[in-house]
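This briefing covers the fold, the sheet, the helix packing and the nonpolar cores of one protein.

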Amino acid sequence: MIIAVEGTQRFDDYETFMRAMSVALSQPSEDSTIEVWSAGPHKVNGFAAAFCNSSENYLRNRGYRISHKKLPVSYIKQHVKDLTYVAFFSRRGEPMSSLAVLADLDGIEVGVYRT
């Protein structure tokens with residue numbers, strides 16, 4: 001399972017981020033490996049790393065392995081068909097990213113989380 005996360009510069013709500021990750025992990029998947037691909041910005045990358053670090057032991061006890069990779073948006077766009085879920089984070093009124101739009105057009109489940 002590969003979860004891509006991306007946000008805007010103004011997004012800063014960790015509780016909303018955690019809720020989104022719960023939704024992402026509830027997506028049907030046979031994989032025992034969970035990869036979180038983070039496309040930024042800095043705060044969202046930090047949230048993703050903190051989530052992976054804090055849930056690592058919990059998930060390992062249930063037979064899952066989780067990892068976090070900071071990747072450029074261009075790389076994720078090139079591999080969009082490999083994604084299971086895309087979580088996009090922003091404030092109200094901010095437009096969706098091109099990655100979220102591309103994933104949606106390719107039939108990938110996209111969650112948009114706004115505060």
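Helices and strands here are DSSP runs, helices (H or I) of at least four residues and strands (E) of at least two, numbered from the N terminus. On that basis the elements of the protein follow one another from the N terminus as β-α-β-α-β-α-β-α-β. The radius of gyration is 13 Å, close to the 13 Å given by the globule rule for 115 residues, so the protein is as compact as a globular protein of that length. The model is predicted.

**Overall fold**

- The protein contains four helices and five strands.
- The C-alpha trace spans about 40 × 30 × 20 Å along its principal axes.
- Among contacts with a separation of 6 or more, 74% are accounted for by residues 24 or more positions apart.
- Of the 115 residues, 45% count as buried.
- The accessible surface comes to about 6,300 Å², and 47% of this belongs to carbon and sulfur atoms.

- Five strands form an open sheet in the order 3-2-1-4-5, with parallel pairing.
- Strand 3 (65-70) and strand 5 (109-114) are at the edges, each with a single partner strand, so one side of each has no neighbour in the sheet.
- On average, neighbouring strands are turned by 20 degrees against each other, direction ignored.
- Strand 2 (residues 33-38) and strand 3 run parallel and are joined by six bridges; Val 36 has His 68 in strand 3 as its bridge partner.
- Strand 1 and strand 4 also run parallel, with five bridges between them, and Ile 3 stands opposite Tyr 85 in strand 4.
- Six bridges join strand 4 to strand 5, again in parallel; in strand 5, Glu 109 is the bridge partner of Tyr 85.

**Strand 4**

- Six of the six residues of strand 4 are buried, so this strand is largely enclosed by the rest of the structure.
- Tyr 85, Ala 87 and Phe 89 point one way from strand 4, whereas Val 86, Phe 88 and Ser 90 point the other way.

**Helices across the sheet**

- Helix 1 (residues 14-25) lies across strand 1 (2-7), strand 2, strand 4 (85-90) and strand 5, and runs at about 165 degrees to strand 4.
- Helix 2 (residues 42-61) lies across strand 1, strand 2, strand 3 and strand 4, and runs at about 165 degrees to strand 3.

**Nonpolar cores**

- The largest nonpolar core has 21 residues, of which Ile 3, Val 5, Phe 17, Val 36 and Phe 89 touch the most other members.
- Strand 1, helix 1, strand 2, helix 2 and strand 4 each supply at least two residues of this core.
- Helix 2 gives the most to this core, with six residues.
- Apart from this core lies another, of 15 residues, including Ile 2, Trp 37, Leu 71 and Ala 100.
- Leaving aside residues up to four places away in sequence, Phe 89 touches Val 5, Glu 6, Gly 7, Thr 8, Phe 11, Thr 16, Phe 17, Ala 20, Val 44 and Tyr 113.

Terms used. Residues are numbered from 1 along each chain as its sequence is written. This is a predicted model: local features need pLDDT of at least 70, side-chain atom pairs count only at pLDDT 80 or more; totals for chains, interfaces and linings use all residues. Side-chain values use heavy atoms; hydrogens and water are left out. Two strands pair if DSSP finds at least two bridges between them. Axes are lines fitted to C-alpha atoms, for helices over the stretch in contact, and angles run from 0 to 180 degrees between N-to-C directions. Contact means heavy atoms within 4.5 Å. The radius of gyration is taken over C-alpha atoms; the globule rule is 2.2 Å times the number of residues to the power 0.38. Buried means under 20% relative accessible area, exposed over 50%, partly exposed in between (1.4 Å probe, protein chains only). Accessible areas come from the Shrake-Rupley method with a 1.4 Å probe; for residues, only the protein chains shown count as cover. A nonpolar core is a set of buried Ala, Val, Leu, Ile, Met, Phe, Trp, Tyr and Cys residues joined through side-chain atoms within 4.5 Å.
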